[in-house]
Amino acid sequence: MRVTHLSTYHLFGGAAVAATRLHQALLKVGQYTGAVESTLLVGTSNRQEKHRPAPGVRYLANNFLAEQTAFGRFVAERLYFLPFERDSSVRFQFSPAVVGANVDFHEAIQQADILHLHWINFGFLSIDGLRALFALEKPIVWTLHDQWAFTGGCHYSRGCDHFLTHCRQCPYLKKPGDQDLSYRTFEKKISVFENANIHFTPPSRWLSDEGIRSKLLRSFPFSVIPYAIDQAIFRPIDRTEANTHIGIPDTDSSGATPVRLLFGSANVTDSRKGFRYFAEALTLLHQQQPNLNVEVLVFGKGRSYLFNELPFTVRHLGILTTEEAIVAAYNAADAMVVPSLEDNLPNTVIESLACGTPVVAFRTGGIPEMIDHRQNGYLADVGSTQQLADGLAFILNHAQPQQLRYDARLSAEERFSEEVVAGQYIHLYHQLMSERRSQ
């Protein structure tokens with residue numbers, strides 16, 4: 001059975017990383033069982049990652065001209081949205097999907113028994129491109145990495161519930177109206193989904209519930225299957241080894257050993273990731289326990305203006321480009337902090353738990369499905385900086401920190417191992433192929 005995954009990027013962004021990890025997990029299982037042949041078709045090479053040759057990975061943009069064409073599609077998609085956007089802060093948070101590549105005649109598509117869609121925006125697949133794929137009448141699996149598939153264009157609705165009936169009056173647009181861009185995009189999706197054969201596999205119950213409630217997807221089948229992670233790579237390692245790898249000392253300037261809190265994001269300044277709430281919680285924590293010896297580790301693109309206002313030392317690790325460095329960062333920390341205001345099933349939480357590092361986070365999206373309150377981390381109400389500070393204090397003052405770390409690792413092994421997740425997908429693939437043969 002041949003499965004072709006489609007993803008805009010290979011390793012750039014959380015959705016691409018999740019798609020790649022599933023592809024790798026299927027390759028490993030297929031190596032021993034022959035149950036599935038997995039191919040990952042990547043739409044473009046982000047300039048930060050370029051081509052990274054890997055087993056079963058094929059790039060649509062496989063030469064200089066094709067790369068320029070792919071970049072041109074990305075630019076055209078963004079320029080199309082430019083006159084509609086409310087302001088620059090939403091520029092990459094809404095995808096009208098009017099520009100895309102024609103991939104239905106690609107060898108990896110034609111030879112596949114099943115097509116598995118992941119995050120396909122930013123000029124990879126347009127709505128018309130999706131229509132052409134659906135017309136091939138192959139079984140489609142679509143892993144939702146955000147809400148885009150069932151909205152009029154936004155990736156996260158930010159509390160707007162128009163997708164339940166029909167998108168309109170979109171808060172992302174400069175001139176919201178009853179027949180605005182979100183309305184027209186929604187209409188196109190109604191037409192495209194009308195006769196499609198799709199099985200949706202959101203990684204969280206939260207996203208599944210949102211999709212099932214939506215007007216566009218409520219008639220489709222859903223299976224909740226979480227993300228996979230290689231737990232031979234993401235694992236607990238010695239703290240000194242971890243510190244050395246990312247270039248930080250074991251002790252501070254006074255010779256004392258600080259407790260370290262980690263925050264990571266593709267873009268530190270992304271308001272949805274909630275660094276501002278983390279900063280406010282740290283201020284509260286300092287006021288309540290002024291003698292705590294805390295350092296803050298931050299990885300990701302950008303520097304927040306709030307760094308200089310924090311009551312604790314901040315070590316900005318920049319963009320971590322290797323898995324070894326990312327693993328070291330988790331292991332150097334006593335806790336990972338994820339104050340996202342809206343999120344699906346963050347890779348950062350999965351990675352942290354696999355490394356045995358407990359997580360303090362807001363109770364939003366799929367995060368409560370990952371964190372067992374006061375066992376492998378702490379959940380705070382969304383936007384409550386006091387509860388977030390309480391969570392930090394819970395971790396930092398815990399009488400048995402090693403038990404927290406053990407429980408964190410155990411929860412990752414039970415939920416996110418490659419064998420568990422790949423097995424669920426292989427079962428689904430066989431089910432879909434059996435249904436197709438019986439038709």
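This is a predicted model: local features need pLDDT of at least 70, side-chain atom pairs count only at pLDDT 80 or more; totals for chains, interfaces and linings use all residues.
Begin by displaying the side chains of Phe, Tyr and Trp. The structure holds 24 aromatic pairs. Select Y80 and F84 for one of them: the two rings are tilted, with 35° between the planes and 5.8 Å centre to centre.

Next, select F263 and F278. Their rings form a stacked pair, 6.0 Å centre to centre and with 15° between the planes. The pair counts as stacked because its planes are under 30 degrees apart. Show the cartoon as well: F263 belongs to strand β7 (residues 259-267), while F278 belongs to helix α8 (residues 275-288). The pair links distant parts of the chain, with F263 and F278 15 residues apart.

Now select F134, W142, F193, F200, F220 and F222 together. Ring pairs join these residues into a cluster.

Finish with the charged side chains. Select K189 and W148, and look at the face of the W148 ring: K189 lies over that face, at 3.5 Å from the ring centre. Then move to R276 and Y277. R276 lies over the face of Y277, at 4.4 Å from the ring centre.

Key. Residues are numbered from 1 along each chain as its sequence is written. Side-chain values use heavy atoms; hydrogens and water are left out. Rings of Phe, Tyr and Trp (its six-membered ring) pair if their centres lie within 6.5 Å; planes under 30 degrees apart count as stacked, over 60 as edge-to-face and the rest as tilted. Helices (H or I, at least four residues) and strands (E, at least two) are DSSP runs, numbered from the N terminus. A charge sits over a ring if NZ of Lys or CZ of Arg is within 6 Å of the ring centre and within 35 degrees of the ring normal.
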